[in-house]
Amino acid sequence: MASTSDVRKGVVIKHQNDLYVVVEFQHINPGKGSAFVRTRMKSLANGKVIEITYKTSETIDIVSVLFQNMQYLYKNGDKYVFMDMSSYEQVEMDGDLVGNDAKFLKDGLGVVVGLYEERPVNIQLPKKIQYKVVEAPPAVRGDSASGNVTKEIKLDNGLLVHAPIFIKEGEEILVNTETGEYSARA
Amino acid sequence: MSTFNELKNNPRLKKVYEERLQILHLIRNFFWSQDFVEAETPIALRLPGQEPYLNPIPVDFIDPYQVSHKFYLRTSPEYSLKKLLAAGWQRVFEISKCFRNVESFGGTHNPEFTMIEWYRAPGTYWDFMDDAENLFKFIGKKLNVEKLKYRVFQIDYLNDWDRISVKDLWKKYLQVNLDDYLSVEQMKKLVQENGFAVDMKDSYEDLFYKLFLNKIETSLGIDRPIFIYDYPAQMCSLSKLCENDNRYAQRAELYIGGLELANGFGELTDPKVQKFNLEKDRSLREQLGKEIWPVDEDLITALDSGISSAGGIALGVDRMVVLFTGARDINEVIFQSVADQIN
(Lines give C-alpha, C1' and ligand atoms only; values in the text may rest on other atoms or scores of the structure.)
Protein backbone atom coordinates (compact mmCIF):
# COMPACT_ATOMS: atom_id res chain seq x y z
CA MET A 1 0.00 0.00 0.00
CA ALA A 2 1.12 3.52 -0.77
CA SER A 3 0.60 6.77 1.09
CA THR A 4 -0.19 10.35 0.17
CA SER A 5 3.50 11.10 -0.40
CA ASP A 6 3.27 8.90 -3.50
CA VAL A 7 0.39 10.88 -5.00
CA ARG A 8 1.48 12.61 -8.20
CA LYS A 9 -0.30 13.91 -11.23
CA GLY A 10 -0.91 10.87 -13.44
CA VAL A 11 -0.87 8.10 -10.83
CA VAL A 12 -3.86 5.77 -10.74
CA ILE A 13 -5.73 5.27 -7.47
CA LYS A 14 -8.18 2.52 -6.62
CA HIS A 15 -11.03 4.11 -4.69
CA GLN A 16 -14.07 2.06 -3.66
CA ASN A 17 -13.22 -0.52 -6.35
CA ASP A 18 -13.07 2.00 -9.20
CA LEU A 19 -9.93 3.31 -10.86
CA TYR A 20 -9.15 7.03 -11.03
CA VAL A 21 -6.24 8.93 -12.53
CA VAL A 22 -5.04 11.94 -10.50
CA VAL A 23 -5.42 15.15 -12.52
CA GLU A 24 -4.55 17.64 -9.80
CA PHE A 25 -3.38 17.47 -6.22
CA GLN A 26 -2.67 20.05 -3.60
CA HIS A 27 -1.10 19.86 -0.16
CA ILE A 28 -3.11 21.84 2.38
CA ASN A 29 -2.65 22.65 6.06
CA PRO A 30 -6.06 23.67 7.36
CA GLY A 31 -6.06 26.26 10.15
CA LYS A 32 -2.46 25.49 11.10
CA GLY A 33 -3.55 21.85 11.50
CA SER A 34 -1.84 18.72 10.23
CA ALA A 35 -1.28 18.27 6.51
CA PHE A 36 -3.83 16.95 4.02
CA VAL A 37 -3.71 16.27 0.30
CA ARG A 38 -6.66 17.41 -1.77
CA THR A 39 -6.87 15.20 -4.83
CA ARG A 40 -8.94 15.73 -7.97
CA MET A 41 -9.18 12.59 -10.00
CA LYS A 42 -10.87 11.36 -13.13
CA SER A 43 -12.65 8.01 -13.38
CA LEU A 44 -11.05 5.69 -15.93
CA ALA A 45 -14.49 4.17 -16.49
CA ASN A 46 -16.57 7.25 -17.28
CA GLY A 47 -14.31 10.33 -17.18
CA LYS A 48 -16.21 11.79 -14.21
CA VAL A 49 -14.08 13.97 -11.90
CA ILE A 50 -14.28 13.56 -8.12
CA GLU A 51 -12.44 15.31 -5.30
CA ILE A 52 -11.18 13.55 -2.17
CA THR A 53 -9.03 14.98 0.60
CA TYR A 54 -6.72 12.53 2.36
CA LYS A 55 -4.79 13.05 5.54
CA THR A 56 -1.04 12.96 4.89
CA SER A 57 0.29 9.49 5.64
CA GLU A 58 -3.15 7.95 5.14
CA THR A 59 -2.92 4.66 3.26
CA ILE A 60 -3.96 4.90 -0.37
CA ASP A 61 -4.31 2.14 -2.92
CA ILE A 62 -2.12 3.35 -5.78
CA VAL A 63 -1.93 0.97 -8.72
CA SER A 64 1.19 0.76 -10.79
CA VAL A 65 1.51 3.04 -13.81
CA LEU A 66 4.39 2.89 -16.25
CA PHE A 67 5.63 6.26 -17.49
CA GLN A 68 7.02 6.12 -21.01
CA ASN A 69 8.54 8.77 -23.31
CA MET A 70 6.51 8.87 -26.50
CA GLN A 71 5.82 11.02 -29.54
CA TYR A 72 2.42 12.32 -30.55
CA LEU A 73 1.50 11.17 -34.06
CA TYR A 74 -2.06 12.14 -35.00
CA LYS A 75 -5.71 12.18 -34.01
CA ASN A 76 -7.85 9.23 -35.01
CA GLY A 77 -11.56 10.00 -34.51
CA ASP A 78 -11.81 10.95 -30.84
CA LYS A 79 -8.62 9.10 -29.96
CA TYR A 80 -5.05 10.38 -29.89
CA VAL A 81 -2.24 8.21 -31.19
CA PHE A 82 1.24 8.15 -29.59
CA MET A 83 4.33 6.12 -30.49
CA ASP A 84 7.05 4.69 -28.28
CA MET A 85 10.16 5.67 -30.26
CA SER A 86 12.26 2.79 -28.90
CA SER A 87 9.86 -0.02 -29.80
CA TYR A 88 7.81 1.77 -32.49
CA GLU A 89 4.74 0.52 -30.70
CA GLN A 90 1.66 2.72 -31.02
CA VAL A 91 -1.02 3.39 -28.39
CA GLU A 92 -4.37 5.16 -28.65
CA MET A 93 -5.66 7.34 -25.84
CA ASP A 94 -9.27 8.41 -25.19
CA GLY A 95 -10.02 12.08 -25.86
CA ASP A 96 -11.71 12.27 -22.43
CA LEU A 97 -8.46 11.42 -20.71
CA VAL A 98 -6.32 13.76 -22.81
CA GLY A 99 -8.76 16.53 -21.87
CA ASN A 100 -7.58 20.10 -22.18
CA ASP A 101 -4.01 19.09 -22.98
CA ALA A 102 -5.16 18.14 -26.49
CA LYS A 103 -4.90 21.72 -27.73
CA PHE A 104 -1.12 21.74 -27.15
CA LEU A 105 -0.42 18.57 -29.14
CA LYS A 106 1.38 18.80 -32.44
CA ASP A 107 2.91 16.31 -34.80
CA GLY A 108 6.11 14.84 -33.37
CA LEU A 109 5.79 16.41 -29.89
CA GLY A 110 7.60 14.45 -27.16
CA VAL A 111 5.42 13.74 -24.10
CA VAL A 112 5.40 11.34 -21.16
CA VAL A 113 2.54 8.86 -21.39
CA GLY A 114 1.31 7.02 -18.29
CA LEU A 115 0.29 3.43 -19.07
CA TYR A 116 -1.91 1.31 -16.82
CA GLU A 117 -2.05 -2.32 -17.95
CA GLU A 118 -0.80 -1.08 -21.34
CA ARG A 119 -3.68 1.38 -21.60
CA PRO A 120 -2.63 5.06 -21.81
CA VAL A 121 -4.33 6.98 -19.00
CA ASN A 122 -2.61 10.36 -18.96
CA ILE A 123 0.01 12.51 -20.63
CA GLN A 124 2.52 14.99 -19.24
CA LEU A 125 3.41 17.86 -21.53
CA PRO A 126 6.74 19.70 -21.54
CA LYS A 127 6.56 22.97 -19.50
CA LYS A 128 7.15 24.98 -22.68
CA ILE A 129 6.50 23.99 -26.26
CA GLN A 130 7.89 25.63 -29.39
CA TYR A 131 5.48 26.52 -32.20
CA LYS A 132 5.70 28.36 -35.51
CA VAL A 133 3.44 31.37 -35.94
CA VAL A 134 1.24 30.84 -39.01
CA GLU A 135 -1.07 33.84 -38.70
CA ALA A 136 -0.31 37.16 -37.04
CA PRO A 137 -2.21 40.33 -37.94
CA PRO A 138 0.26 43.17 -38.56
CA ALA A 139 0.67 45.73 -35.78
CA VAL A 140 -1.29 48.92 -36.43
CA ARG A 141 0.15 52.34 -35.69
CA GLY A 142 -1.33 53.60 -32.44
CA ASP A 143 -1.97 50.12 -31.00
CA SER A 144 0.23 50.62 -27.96
CA ALA A 145 -1.09 54.12 -27.42
CA SER A 146 -4.66 52.78 -27.26
CA GLY A 147 -3.58 50.11 -24.78
CA ASN A 148 -3.54 47.14 -27.20
CA VAL A 149 -0.30 45.54 -26.16
CA THR A 150 -1.19 42.06 -27.40
CA LYS A 151 -2.89 40.46 -30.38
CA GLU A 152 -4.25 37.01 -31.10
CA ILE A 153 -2.01 34.83 -33.23
CA LYS A 154 -2.43 31.35 -34.72
CA LEU A 155 0.21 28.64 -34.31
CA ASP A 156 1.14 25.73 -36.57
CA ASN A 157 -1.11 23.27 -34.69
CA GLY A 158 -4.12 25.60 -34.77
CA LEU A 159 -3.67 26.87 -31.18
CA LEU A 160 -4.64 30.53 -30.65
CA VAL A 161 -2.69 32.59 -28.11
CA HIS A 162 -2.26 36.23 -27.24
CA ALA A 163 1.22 37.49 -27.99
CA PRO A 164 2.99 40.86 -27.96
CA ILE A 165 2.23 42.95 -31.05
CA PHE A 166 5.80 42.71 -32.35
CA ILE A 167 5.45 38.97 -33.10
CA LYS A 168 5.32 38.25 -36.86
CA GLU A 169 4.20 35.38 -39.07
CA GLY A 170 6.90 32.73 -39.54
CA GLU A 171 8.57 33.34 -36.16
CA GLU A 172 9.10 30.55 -33.63
CA ILE A 173 7.71 31.15 -30.14
CA LEU A 174 7.43 29.28 -26.82
CA VAL A 175 4.08 28.69 -25.11
CA ASN A 176 3.81 27.96 -21.38
CA THR A 177 1.62 24.85 -21.07
CA GLU A 178 0.66 25.62 -17.44
CA THR A 179 -1.06 28.86 -18.41
CA GLY A 180 -1.59 28.35 -22.15
CA GLU A 181 0.04 31.73 -22.72
CA TYR A 182 2.87 33.15 -24.82
CA SER A 183 6.15 32.88 -22.96
CA ALA A 184 8.96 34.15 -25.19
CA ARG A 185 10.50 34.09 -28.67
CA ALA A 186 12.21 30.75 -29.23
CA MET B 1 5.08 31.70 -12.65
CA SER B 2 6.20 35.29 -12.25
CA THR B 3 9.78 35.75 -13.37
CA PHE B 4 11.40 38.76 -15.02
CA ASN B 5 10.83 37.13 -18.39
CA GLU B 6 7.13 36.44 -17.76
CA LEU B 7 6.56 39.96 -16.41
CA LYS B 8 8.21 41.39 -19.49
CA ASN B 9 6.32 39.28 -22.02
CA ASN B 10 2.98 38.46 -20.44
CA PRO B 11 0.77 41.54 -19.93
CA ARG B 12 -1.68 39.56 -17.78
CA LEU B 13 1.01 38.58 -15.26
CA LYS B 14 2.47 42.09 -15.35
CA LYS B 15 -0.95 43.50 -14.45
CA VAL B 16 -1.31 40.95 -11.63
CA TYR B 17 2.00 42.09 -10.15
CA GLU B 18 1.12 45.77 -10.53
CA GLU B 19 -2.13 45.10 -8.68
CA ARG B 20 -0.28 43.22 -5.95
CA LEU B 21 1.87 46.29 -5.30
CA GLN B 22 -1.21 48.51 -5.25
CA ILE B 23 -2.98 46.15 -2.82
CA LEU B 24 -0.03 46.37 -0.41
CA HIS B 25 -0.21 50.15 -0.59
CA LEU B 26 -4.00 50.11 -0.02
CA ILE B 27 -3.71 47.77 2.99
CA ARG B 28 -1.40 50.32 4.59
CA ASN B 29 -3.74 53.20 3.73
CA PHE B 30 -6.71 51.34 5.18
CA PHE B 31 -5.12 50.53 8.53
CA TRP B 32 -3.48 53.92 9.03
CA SER B 33 -6.88 55.54 8.25
CA GLN B 34 -8.43 53.39 11.01
CA ASP B 35 -5.92 54.68 13.58
CA PHE B 36 -3.72 51.59 13.55
CA VAL B 37 0.07 51.92 13.59
CA GLU B 38 2.31 49.81 11.40
CA ALA B 39 4.67 47.71 13.50
CA GLU B 40 7.93 46.11 12.49
CA THR B 41 8.96 43.02 14.44
CA PRO B 42 11.74 40.45 13.97
CA ILE B 43 11.62 37.91 11.16
CA ALA B 44 14.10 35.71 12.99
CA LEU B 45 12.98 34.57 16.45
CA ARG B 46 14.85 32.56 19.06
CA LEU B 47 11.56 31.13 20.37
CA PRO B 48 8.95 30.80 17.61
CA GLY B 49 5.33 29.61 17.98
CA GLN B 50 4.39 26.21 19.38
CA GLU B 51 1.75 25.28 16.75
CA PRO B 52 2.06 21.48 16.68
CA TYR B 53 1.80 21.13 12.91
CA LEU B 54 3.91 24.06 11.71
CA ASN B 55 7.56 23.72 10.76
CA PRO B 56 9.62 26.88 11.42
CA ILE B 57 12.80 27.13 9.35
CA PRO B 58 16.01 27.23 11.48
CA VAL B 59 18.76 29.77 10.85
CA ASP B 60 22.10 30.14 12.66
CA PHE B 61 23.39 33.51 13.75
CA ILE B 62 27.12 33.38 14.40
CA ASP B 63 28.68 36.07 16.60
CA PRO B 64 32.24 37.42 16.13
CA TYR B 65 33.53 34.81 18.62
CA GLN B 66 32.19 32.07 16.31
CA VAL B 67 29.48 31.14 18.80
CA SER B 68 26.38 29.94 17.00
CA HIS B 69 22.87 30.94 18.13
CA LYS B 70 19.92 29.07 16.74
CA PHE B 71 16.98 31.17 15.54
CA TYR B 72 13.91 30.37 13.45
CA LEU B 73 12.15 32.31 10.71
CA ARG B 74 8.77 33.37 12.05
CA THR B 75 5.64 31.47 11.00
CA SER B 76 3.66 34.54 12.10
CA PRO B 77 4.38 37.78 14.01
CA GLU B 78 1.71 36.87 16.57
CA TYR B 79 3.76 36.77 19.79
CA SER B 80 5.71 39.92 18.93
CA LEU B 81 2.55 41.90 18.20
CA LYS B 82 0.93 40.73 21.45
CA LYS B 83 3.99 41.97 23.32
CA LEU B 84 3.44 45.37 21.70
CA LEU B 85 -0.16 45.31 23.01
CA ALA B 86 1.27 44.60 26.48
CA ALA B 87 3.62 47.56 26.02
CA GLY B 88 0.59 49.78 25.55
CA TRP B 89 -0.21 49.97 21.85
CA GLN B 90 -3.95 49.64 21.20
CA ARG B 91 -4.14 49.10 17.45
CA VAL B 92 -1.23 47.55 15.58
CA PHE B 93 -0.78 45.90 12.20
CA GLU B 94 2.17 44.36 10.42
CA ILE B 95 2.61 43.29 6.82
CA SER B 96 4.99 40.45 7.43
CA LYS B 97 6.98 37.99 5.42
CA CYS B 98 6.45 34.61 7.12
CA PHE B 99 7.97 31.21 6.47
CA ARG B 100 6.68 27.66 6.88
CA ASN B 101 8.61 24.58 5.89
CA VAL B 102 7.26 21.34 4.41
CA GLU B 103 4.51 23.07 2.47
CA SER B 104 3.80 23.04 -1.27
CA PHE B 105 5.80 25.08 -3.75
CA GLY B 106 2.73 26.51 -5.46
CA GLY B 107 -1.03 26.04 -5.59
CA THR B 108 -2.15 27.81 -2.42
CA HIS B 109 1.24 27.77 -0.63
CA ASN B 110 4.77 29.12 -0.98
CA PRO B 111 7.27 28.49 1.87
CA GLU B 112 7.84 32.27 2.02
CA PHE B 113 4.59 34.21 2.03
CA THR B 114 3.10 37.55 3.06
CA MET B 115 0.64 38.05 5.88
CA ILE B 116 -1.27 41.03 7.15
CA GLU B 117 -1.85 40.59 10.85
CA TRP B 118 -3.66 43.09 13.06
CA TYR B 119 -4.73 43.44 16.69
CA ARG B 120 -7.10 45.64 18.65
CA ALA B 121 -6.90 45.97 22.43
CA PRO B 122 -9.51 46.49 23.66
CA GLY B 123 -11.19 44.45 20.98
CA THR B 124 -13.18 41.32 20.17
CA TYR B 125 -13.31 38.84 17.31
CA TRP B 126 -16.41 40.62 16.00
CA ASP B 127 -14.25 43.73 15.49
CA PHE B 128 -11.72 42.01 13.25
CA MET B 129 -14.49 40.34 11.25
CA ASP B 130 -15.77 43.87 10.52
CA ASP B 131 -12.23 45.09 9.78
CA ALA B 132 -11.60 42.27 7.27
CA GLU B 133 -14.87 42.94 5.48
CA ASN B 134 -14.16 46.69 5.34
CA LEU B 135 -10.59 46.08 4.18
CA PHE B 136 -11.67 43.98 1.18
CA LYS B 137 -14.36 46.50 0.22
CA PHE B 138 -11.90 49.41 0.57
CA ILE B 139 -9.34 47.75 -1.71
CA GLY B 140 -11.92 46.49 -4.20
CA LYS B 141 -13.54 49.88 -4.65
CA LYS B 142 -10.17 51.53 -5.29
CA LEU B 143 -9.21 48.83 -7.80
CA ASN B 144 -12.67 48.74 -9.40
CA VAL B 145 -13.07 45.02 -8.84
CA GLU B 146 -16.73 43.96 -8.81
CA LYS B 147 -16.31 40.26 -8.01
CA LEU B 148 -13.55 38.23 -6.43
CA LYS B 149 -12.47 35.28 -8.57
CA TYR B 150 -11.21 31.87 -7.56
CA ARG B 151 -11.27 28.77 -9.77
CA VAL B 152 -14.76 28.72 -11.32
CA PHE B 153 -16.26 31.00 -8.67
CA GLN B 154 -17.21 34.68 -8.95
CA ILE B 155 -17.76 35.94 -5.43
CA ASP B 156 -19.93 38.92 -4.54
CA TYR B 157 -18.04 40.59 -1.70
CA LEU B 158 -19.36 44.14 -1.91
CA ASN B 159 -22.59 43.33 -0.03
CA ASP B 160 -22.88 41.92 3.51
CA TRP B 161 -20.73 38.89 4.28
CA ASP B 162 -22.00 35.72 5.96
CA ARG B 163 -21.15 34.61 9.48
CA ILE B 164 -21.98 31.19 10.89
CA SER B 165 -20.88 29.31 13.99
CA VAL B 166 -19.02 26.03 13.47
CA LYS B 167 -21.83 24.28 15.33
CA ASP B 168 -24.46 25.60 12.87
CA LEU B 169 -22.18 24.72 10.00
CA TRP B 170 -22.07 21.06 11.06
CA LYS B 171 -25.83 21.04 11.43
CA LYS B 172 -26.20 22.47 7.92
CA TYR B 173 -23.74 20.20 6.08
CA LEU B 174 -23.66 17.02 8.17
CA GLN B 175 -27.05 17.19 9.93
CA VAL B 176 -25.51 16.57 13.35
CA ASN B 177 -25.22 18.47 16.60
CA LEU B 178 -21.49 19.12 17.13
CA ASP B 179 -22.11 19.14 20.92
CA ASP B 180 -22.42 15.34 20.61
CA TYR B 181 -19.06 15.03 18.85
CA LEU B 182 -16.58 16.87 21.05
CA SER B 183 -14.52 13.83 22.04
CA VAL B 184 -12.08 11.83 19.90
CA GLU B 185 -14.14 8.64 20.29
CA GLN B 186 -17.41 10.26 19.20
CA MET B 187 -15.72 12.05 16.29
CA LYS B 188 -14.13 8.78 15.12
CA LYS B 189 -17.58 7.26 14.88
CA LEU B 190 -18.92 10.16 12.86
CA VAL B 191 -15.97 10.07 10.44
CA GLN B 192 -16.52 6.34 9.85
CA GLU B 193 -20.26 6.76 9.40
CA ASN B 194 -19.48 9.20 6.62
CA GLY B 195 -17.29 6.65 4.84
CA PHE B 196 -13.82 7.98 5.65
CA ALA B 197 -10.85 6.06 7.01
CA VAL B 198 -9.90 6.44 10.66
CA ASP B 199 -6.41 5.83 11.97
CA MET B 200 -5.65 4.90 15.59
CA LYS B 201 -3.30 7.88 15.79
CA ASP B 202 -5.77 10.47 14.48
CA SER B 203 -6.14 13.43 16.83
CA TYR B 204 -9.44 15.23 17.35
CA GLU B 205 -8.27 17.91 14.95
CA ASP B 206 -7.37 15.34 12.24
CA LEU B 207 -10.80 13.78 12.47
CA PHE B 208 -12.52 17.16 12.48
CA TYR B 209 -10.68 18.16 9.32
CA LYS B 210 -11.31 14.85 7.52
CA LEU B 211 -15.01 15.71 7.57
CA PHE B 212 -14.59 19.46 7.24
CA LEU B 213 -12.29 19.29 4.18
CA ASN B 214 -14.29 16.62 2.37
CA LYS B 215 -17.83 17.70 3.18
CA ILE B 216 -17.79 21.39 3.97
CA GLU B 217 -14.79 23.51 3.01
CA THR B 218 -15.10 23.48 -0.77
CA SER B 219 -18.62 24.98 -0.56
CA LEU B 220 -17.68 27.77 1.85
CA GLY B 221 -17.88 31.34 0.64
CA ILE B 222 -18.64 30.57 -2.99
CA ASP B 223 -21.50 33.11 -3.24
CA ARG B 224 -20.11 35.64 -0.76
CA PRO B 225 -17.30 35.53 1.81
CA ILE B 226 -18.06 33.74 5.07
CA PHE B 227 -16.60 33.85 8.57
CA ILE B 228 -16.99 30.67 10.57
CA TYR B 229 -16.50 31.09 14.30
CA ASP B 230 -16.51 29.34 17.69
CA TYR B 231 -14.43 26.19 17.25
CA PRO B 232 -14.30 23.26 19.67
CA ALA B 233 -12.06 24.49 22.50
CA GLN B 234 -9.44 21.74 22.05
CA MET B 235 -8.57 23.24 18.63
CA CYS B 236 -7.75 26.69 19.99
CA SER B 237 -4.60 27.17 22.06
CA LEU B 238 -4.50 30.93 21.76
CA SER B 239 -8.21 31.80 22.04
CA LYS B 240 -10.42 32.76 24.90
CA LEU B 241 -13.32 30.40 25.70
CA CYS B 242 -16.85 31.41 24.66
CA GLU B 243 -18.68 33.13 27.47
CA ASN B 244 -21.94 31.20 27.05
CA ASP B 245 -20.43 27.75 26.36
CA ASN B 246 -16.90 26.88 27.47
CA ARG B 247 -16.77 23.80 25.24
CA TYR B 248 -16.11 26.22 22.38
CA ALA B 249 -13.54 28.98 21.93
CA GLN B 250 -13.42 32.34 20.16
CA ARG B 251 -11.61 31.41 16.99
CA ALA B 252 -12.76 32.56 13.56
CA GLU B 253 -11.69 31.73 10.02
CA LEU B 254 -12.50 33.48 6.78
CA TYR B 255 -13.31 31.49 3.63
CA ILE B 256 -13.76 32.92 0.16
CA GLY B 257 -14.45 30.70 -2.84
CA GLY B 258 -13.63 27.60 -0.76
CA LEU B 259 -10.21 29.07 0.04
CA GLU B 260 -9.06 29.70 3.62
CA LEU B 261 -7.98 33.33 3.87
CA ALA B 262 -7.58 34.19 7.55
CA ASN B 263 -7.50 32.79 11.06
CA GLY B 264 -8.07 34.91 14.15
CA PHE B 265 -8.89 34.80 17.83
CA GLY B 266 -10.65 36.53 20.61
CA GLU B 267 -7.25 36.51 22.29
CA LEU B 268 -6.53 34.47 25.34
CA THR B 269 -4.99 37.00 27.75
CA ASP B 270 -4.81 34.89 30.92
CA PRO B 271 -1.06 34.15 31.36
CA LYS B 272 -1.54 30.92 33.35
CA VAL B 273 -3.97 29.33 30.89
CA GLN B 274 -1.83 30.51 27.97
CA LYS B 275 1.28 28.92 29.44
CA PHE B 276 -0.60 25.68 30.09
CA ASN B 277 -1.90 25.55 26.47
CA LEU B 278 1.51 26.29 24.97
CA GLU B 279 3.21 23.64 27.13
CA LYS B 280 0.56 21.18 25.92
CA ASP B 281 1.27 22.10 22.28
CA ARG B 282 4.96 21.75 22.95
CA SER B 283 4.57 18.20 24.26
CA LEU B 284 2.41 17.36 21.24
CA ARG B 285 5.26 18.62 19.03
CA GLU B 286 7.59 16.32 20.94
CA GLN B 287 5.24 13.33 20.48
CA LEU B 288 5.02 14.07 16.76
CA GLY B 289 8.83 13.99 16.57
CA LYS B 290 9.08 17.69 15.65
CA GLU B 291 11.84 20.07 16.65
CA ILE B 292 11.13 21.65 20.05
CA TRP B 293 12.14 24.77 21.98
CA PRO B 294 10.97 26.31 25.26
CA VAL B 295 7.78 28.32 25.56
CA ASP B 296 8.52 32.05 25.16
CA GLU B 297 8.40 33.20 28.80
CA ASP B 298 8.61 36.81 27.67
CA LEU B 299 5.16 36.39 26.09
CA ILE B 300 3.74 34.96 29.32
CA THR B 301 5.29 37.84 31.31
CA ALA B 302 3.83 40.30 28.81
CA LEU B 303 0.34 38.83 29.27
CA ASP B 304 0.87 38.87 33.01
CA SER B 305 1.60 42.59 32.90
CA GLY B 306 -1.95 42.97 31.64
CA ILE B 307 -3.67 43.27 28.28
CA SER B 308 -7.29 44.30 28.18
CA SER B 309 -9.58 42.25 25.94
CA ALA B 310 -7.98 41.79 22.53
CA GLY B 311 -8.85 40.48 19.10
CA GLY B 312 -6.33 39.65 16.39
CA ILE B 313 -6.25 37.99 13.01
CA ALA B 314 -3.76 36.97 10.31
CA LEU B 315 -4.80 37.15 6.66
CA GLY B 316 -2.85 35.72 3.73
CA VAL B 317 -1.98 38.57 1.37
CA ASP B 318 -0.89 36.32 -1.53
CA ARG B 319 -4.25 34.54 -1.50
CA MET B 320 -6.00 37.90 -1.25
CA VAL B 321 -4.16 39.02 -4.41
CA VAL B 322 -5.22 35.80 -6.15
CA LEU B 323 -8.87 36.67 -5.41
CA PHE B 324 -8.64 40.28 -6.58
CA THR B 325 -6.71 39.50 -9.78
CA GLY B 326 -8.27 36.14 -10.71
CA ALA B 327 -4.79 34.60 -10.89
CA ARG B 328 -4.79 30.81 -11.20
CA ASP B 329 -2.10 29.95 -8.71
CA ILE B 330 -0.29 31.62 -5.82
CA ASN B 331 2.91 31.46 -7.89
CA GLU B 332 1.33 33.87 -10.37
CA VAL B 333 1.10 36.59 -7.69
CA ILE B 334 4.58 36.09 -6.16
CA PHE B 335 7.62 37.48 -7.99
CA GLN B 336 10.25 34.71 -8.13
CA SER B 337 8.40 32.14 -6.04
CA VAL B 338 10.37 29.20 -4.69
CA ALA B 339 9.18 27.09 -7.63
CA ASP B 340 10.33 29.77 -10.11
CA GLN B 341 13.79 29.80 -8.55
CA ILE B 342 14.15 26.02 -8.49
CA ASN B 343 12.93 25.24 -12.01
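Reader: What makes β9(A) and β10(A) a pair?

Author: In this predicted model, β9 (residues 79-84) of chain A and β10(A) share 6 bridges in the antiparallel sense. Pairing requires at least two bridges, so the two strands count as paired. F82(A) stands opposite V91(A) of β10(A).

Reader: Why is β10 of chain A called an edge strand?

Author: β10 (89-94) of chain A pairs on one side only. So does β12 (119-124) of chain A. The order is β10-β9-β8-β11-β12 (chain A), an open sheet of 5 strands with antiparallel pairing. Neighbouring strands of this sheet are turned by 45° against each other on average, direction ignored.

Reader: Why are α2(B) and α10(B) called oblique?

Author: Helix α2 (residues 11-33) of chain B and helix α10 (residues 317-325) of chain B pack at about 125°, with axes 10 Å apart. Roughly perpendicular ends at 115 and roughly antiparallel needs over 145, so the remaining class applies. The two helices are therefore oblique to each other. α2(B) passes α10(B) in a right-handed crossing.

Reader: Which residues meet there?

Author: From α2(B) come V16(B), E19(B), R20(B) and I23(B); they meet M320(B), V321(B), F324(B) and T325(B) of α10(B). By class, this contact has 5 nonpolar, 1 polar and 2 charged residues.

Reader: How many residues does each chain bring to the contact between chain A and chain B?

Author: Chain A gives 27 residues and chain B gives 28 residues. On the chain A side, β3 (18-28), β4 (36-43), β5 (49-55) and β17 (181-185) each supply at least two residues. That side has 9 nonpolar, 11 polar and 7 charged residues.

Key
Residues are numbered from 1 along each chain as its sequence is written. Chains are lettered from A and ligands numbered from 1 in the order in which they are written. This is a predicted model: local features need pLDDT of at least 70, side-chain atom pairs count only at pLDDT 80 or more; totals for chains, interfaces and linings use all residues. Helices (H or I, at least four residues) and strands (E, at least two) are DSSP runs, numbered from the N terminus. Axes are lines fitted to C-alpha atoms, for helices over the stretch in contact, and angles run from 0 to 180 degrees between N-to-C directions. Two residues are in contact if their C-beta atoms, placed from the backbone, lie within 7 Å. Ala, Val, Leu, Ile, Met, Phe, Trp, Tyr, Cys and Pro count as nonpolar, Asp, Glu, Lys and Arg as charged, and the others, Gly among them, as polar. Angles under 35 degrees count as roughly parallel, over 145 as roughly antiparallel, 65 to 115 as roughly perpendicular and the rest as oblique. A crossing is left-handed if the near helix is turned anticlockwise from the far one by less than a right angle, and right-handed if clockwise.
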